[in-house]
Amino acid sequence: MNSSKKQSVTSRIIVNYLLEHKLKIFLALIMMIISAAATGLHAWLVRPALDDVLIKGNKEMLFLIPIAIIIVTLLKGLATYTHSYQMSKVAHATIAKLQTQMFEKLMYLNMQFYNDSKSGNLISRLINDTYYLRLAIVKSVTGVIKDVLVIIFLLGNMFYQSWTLTLFAFFAFPLALWPIRKIGKSIRKITYTIQSEIAVFSNVLAESIKGIKQVKSYTKENFEKNRAFETISFIQKYFTRSAFISNRLSPLMEFIGSLAIALSIYAGGVFVLNETMTTGQFMSFLVSLLLAYQPVKALGNLNISVQEGLAGAERIFKLLDTPEERMEKVSIKNDLTLDGDIILKDVSFGYDEKKVLKNINLKIPKNKRVALVGLSGSGKSTIVNIISRFFDSYTGEITIDSKNIREISLGDLRNNISMVTQETILFNDTIANNIKYGKLEATYDEIENVAKLAGISEFSENLKNKLETVIGESGVKLSGGQRQRVAIARAMIKDAPILIMDEATSSLDNITEKEIYKTIKNLMKNKTILIIAHRLSTIEDSDIIYVMDKGKVDNYGSHKDLFNKSEIYKKLQLKEKLENEF
């Protein structure tokens with residue numbers, strides 16, 4: 001990353017996130033000044049302690065100096081606690097704001113973005129990268145200001161005691177600037193790579209755990225283990241390299257510090273022997289120098305934390321700056337209620353270069369049951385995805401009630417569509433809450449009613465907590481069929497004018513599937529229903545059946561019509577017959 005990019009990341013954090021906490025930062029700054037001044041005062045008190053008490057034998061000062069040290073220490077402790085606490089509050093608030101913005105961004109990014117992204121990478125940005133940035137904010141703002149102030153106060157005392165000796169001592173410190181800068185730059189590069197590798201590891205981890213059933217059924221434990229070990233080994237390599245570079249700083253600073261102390265002791269000894277400086281002055285100077293060594297060393301290490309934080313910030317802002325074309329166009333909802341008269345006119349669509357739909361023309365009249373059938377890969381699910389505007393890059397026109405769906409707000413459009421897909425997504429919550437997700441304001445009676453209609457009550461009554469049973473991650477405690485019933489109940493309770501069922505009953509047996517469709521037919525009499533059928537027997541009584549083939553409409557009509565005029569439909573019918581026999 002070039003310096004202008006670095007500057008933009010730093011200034012963006014300051015202007016957009018830190019400045020809104022200026023009062024907290026100002027209070028912390030005041031406390032840092034008090035804390036730094038107390039450190040300088042401790043060093044200054046060494047001179048009267050030696051010259052007035054030990055050498056001159058002043059009894060009054062013997063009483064006053066210990067009291068002064070206690071008061072200064074208490075003040076320093078209170079100030080240190082206050083500025084540390086205030087800066088922690090600022091850091092946590094900043095990270096919370098960034099995480100909120102990132103999560104909001106993730107919620108409104110389009111499906112194309114998710115198709116191209118890895119979930120582990122996105123999770124890593126929300127957790128791992130923000131952790132590094134949190135540390136950097138706490139350490140950099142507190143560390144830089146406080147350590148610089150401590151150095152200034154101690155330097156002031158050193159100049160006060162002897163300006164010539166101060167020049168001797170600080171002759172060595174400019175030598176430290178080059179390695180601090182050089183090491184910081186290297187660390188930032190390595191940290192960026194480490195954070196990217198941790199994101200890869202998060203992804204491997206998520207896939208292995210989520211797909212554990214597949215891993216075990218294909219006995220691929222070793223493969224997954226090796227995949228994870230490879231990434232862990234990469235991370236270890238880069239962490240080791242980071243330690244190899246960053247740990248050089250400490251001995252370098254030690255050497256420079258000892259050089260400064262050695263020069264000071266020699267020169268100070270000469271001054272005391274020549275009586276151009278008192279013992280108290282020299283000791284006060286030496287204590288200041290020793291106390292200044294720690295913050296100077298800390299500033300060197302601090303640069304490493306800052307660079308790590310900036311590497312995290314770069315990845316965070318990369319997500320926040322995802323271009324507009326990757327975002328869904330969220331406009332104001334008008335609480336529009338649609339009848340569900342859907343028309344697709346000359347619609348074409350493709351993923352990357354591959355055309356999936358080619359000049360499709362479909363009519364799905366309101367309050368009718370329309371089915372899409374066809375071999376796998378014929379484009380059936382893609383039609384569902386573009387009607388719901390999960391993908392927007394189609395050509396042609398799609399209207400609902402003569403309104404172009406691109407002119408209907410996404411909120412209004414999707415509020416008018418209930419959808420049940422083959423891939424059943426449930427939350428690690430109760431059965432009741434999973435149903436209620438379709439309509440958050442639903443009463444418990446409504447939930448119980450749709451649970452009964454969707455056939456959930458048949459199995460939930462045998463569970464200890466009935467509808468209040470927690471079903472585990474992705475509904476793992478339920479069977480495939482039970483999960484799909486919960487998803488169907490969720491769509492039912494939403495009570496939208498359009499119901500889309502994308503192979504939604506594929507996990508159910510023939511009898512249950514027919515029962516569910518019978519229920520849907522009775523419940524959804526005044527609804528537009530679009531079904532992507534798994535079994536033709538369930539859609540025989542549909543008003544219109546469209547036969548899809550290689551992204552085109554091959555034929556359409558009633559079951560009886562198609563059986564006489566569509567070869568593909570006949571093949572699908574025969575295939576189902578053979579499956580049922582076996």
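Q: Is H21 buried or exposed?
A: H21 is buried, at 11% relative accessible area. Buried means under 20% relative accessible area, exposed over 50%, and partly exposed in between, with a 1.4 Å probe and protein chains only. This is a predicted model, in which local features need pLDDT of at least 70 and side-chain atom pairs count only at pLDDT 80 or more, while totals for chains, interfaces and linings use all residues. Residues are numbered from 1 along each chain as its sequence is written, and side-chain values use heavy atoms, with hydrogens and water left out.

Q: Where does H21 lie?
A: In the loop between α1 (3–18) and α2 (22–44). Helices (H or I, at least four residues) and strands (E, at least two) are DSSP runs, numbered from the N terminus.

Q: And what is H21 in contact with, leaving aside its neighbours within four places in sequence?
A: V90, A93 and T94. Contact means heavy atoms within 4.5 Å.

Q: What about K24, where does that one lie?
A: K24 lies in helix α2. K24 is partly exposed, with a relative accessible area of 30%. Setting aside neighbours within four places in sequence, K24 is in contact with Q86, K89 and V90. V90 is also on the contact list of H21.

Q: What separates the C-alpha atoms of K24 and Q86?
A: 6.0 Å, for two residues that are 62 apart along the chain.

Q: Switching to charges. How many salt bridges does the structure hold?
A: It holds 7. A salt bridge here is a side-chain nitrogen of Lys or Arg within 4 Å of a carboxyl oxygen of Asp or Glu. Side chains of opposite charge can pair when their charged atoms come close.

Q: Which residue forms a salt bridge with E20?
A: K97, and the closest N and O atoms are 2.6 Å apart. This pair links distant parts of the chain, with E20 in the loop between α1 and α2 and K97 in helix α4 (residues 59–108), 77 residues apart. E20 is partly exposed at 47% relative accessibility, and K97 is partly exposed at 26%.

Q: What does R12 meet in a salt bridge?
A: The side chain of D321, at 2.8 Å from N to O. R12 lies in helix α1 and D321 in the loop between α12 (279–320) and β1 (342–351), so the pair ties together parts that are 309 residues apart in sequence. R12 is partly exposed, with a relative accessible area of 25%, and D321 is partly exposed at 42%.

Q: Which residue pairs with R389 in a salt bridge?
A: D392, with the closest N and O atoms 2.9 Å apart. R389 is buried, at 6% relative accessible area, whereas D392 is partly exposed at 32%.

Q: How many residues of α13 are buried?
A: In α13 (residues 380–387), 7 of its 8 residues are buried, so the helix is mostly covered. Among the buried ones are K380, T382 and N385.

Q: Which other residue has a positive phi, near 65 degrees?
A: S402, which is not a glycine. S402 is found in the loop between β4 (395–400) and β5 (403–404), and S402 counts as exposed at 72% relative accessibility.

Q: What about phi of K550?
A: It is near 50 degrees, again a positive value in a residue other than glycine. K550 sits in the loop between β9 (544–549) and β10 (552–557), and K550 is exposed at 64% relative accessibility.

Q: Which residues form the positive surface patch with K550?
A: K354, K358 and K552. Patches are made of residues with over 30% relative accessible area and no salt bridge, where like charges are joined within 9 Å and nonpolar side chains (Val, Leu, Ile, Met, Phe, Trp, Tyr) within 5 Å. Lys and Arg count as positive and Asp and Glu as negative, while His and the chain ends are not counted. The place of a charge is NZ of Lys, CZ of Arg, CG of Asp or CD of Glu.

Q: Last topic, the protein as a whole. How many helices and strands?
A: There are 21 helices and 10 strands. Of the 582 residues, 46% count as buried. Among contacts with a separation of 6 or more, 77% are between residues 24 or more positions apart.

Conventions. Accessible areas come from the Shrake-Rupley method with a 1.4 Å probe; for residues, only the protein chains shown count as cover.
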